[in-house]
Amino acid sequence: MMQAGHIDNIRQTYIELDMEIANLLQTIERSVGIDKTLIYLTSTGYNESPTLLQTINHRIPTQEFSMSRCMALLNMYLVALHGKGNYVEAYFDNHIYIDKKLLEEKKLKVQDVLQECENFLYQFDGIQEVYTSTRLLQGAWSPQQNYIRNGYNRKHSGDIIIEIAPGCTVEDSGNGKIKVWRTSWVDFPLFFFGYKLEAKQETTPKSIEYIAPTVARYARIRAPNGCEER
């Protein structure tokens, strides 16, 4: 049960948020006009406690997965195969970056080393899927791989992208955060306000891919060239 002081803090937070939103809308009304402004609001996050998943009501299996420990073991594995060196250059979130200059110095093929990494990473219980850059760019198409490929950039993404098993608590992910990995559907609200919109409620489920082209249509500009939905 929440303590009274904690509830009061939450209530005060929402009161202040309500005042800030009111001030913003009043400023827009004075300077531009609400009927000339499109305001949209949606949710971008979901937080689920690992202890909540393990309660008697859920009984969902969980486990901890440490990225730093996994990367250390991966580097030790590559050292055992190819000699001393810091093969894992960096990692962030679920992206792993391999030191290609070191591979070049040791006259190793990037594709071969990535395959070795893939085979090794599949042995971890917390890893559900492994995608190397070679697999993403040249591998056979699949719905899930296409989803990963759409968010992949050859210049900036990692050489290896790992998919964590649902329910895993990911620690040391390179950004100082600890999160529970989940892949199930999450409902979120989406509000459009202003710009001569008539008040109505749409209850037919839509995916998040619809937001960008909808905003572009109201702004009378072309939708982003990566849009696949109307």
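Q: What makes Asp-159 and Lys-100 a salt bridge?
A: Their closest N and O atoms are 2.2 Å apart. A salt bridge is a side-chain nitrogen of Lys or Arg within 4 Å of a carboxyl oxygen of Asp or Glu, so this pair gets the name. By the way, this is a predicted model, where local features need pLDDT of at least 70 and side-chain atom pairs count only at pLDDT 80 or more, while totals for chains, interfaces and linings use all residues. Residues are numbered from 1 along each chain as its sequence is written, and side-chain values use heavy atoms, with hydrogens and water left out.

Q: Why does the pair of Asp-159 and Lys-100 tie together parts that are 59 residues apart in sequence?
A: Because Asp-159 lies in the loop between helix 7 (143-150) and strand 6 (160-164), whereas Lys-100 is in helix 4 (residues 100-105). Helices here are DSSP runs of H or I with at least four residues, strands are runs of E with at least two, and both are numbered from the N terminus.

Q: Is Asp-159 buried or exposed, and how do you know?
A: Its relative accessible area is 7%. Buried means under 20%, exposed over 50%, and partly exposed in between, using a 1.4 Å probe and protein chains only. So Asp-159 is buried.

Q: How do you know which residues Arg-135 meets in salt bridges?
A: Look at the N to O distances: 4.0 Å to Glu-118 and 3.1 Å to Glu-129. Together, Glu-118, Glu-129 and Arg-135 are linked in a network of salt bridges.

Q: Where do Arg-135 and Glu-118 sit in the chain?
A: Arg-135 is in helix 6 (residues 133-138) and Glu-118 in helix 5 (residues 110-121), 17 residues apart.

Q: How many salt bridges does a search of the whole structure find?
A: Four.

Q: What does the protein come to in helices, strands and buried residues?
A: There are eight helices and nine strands, and 27% of the 230 residues count as buried.
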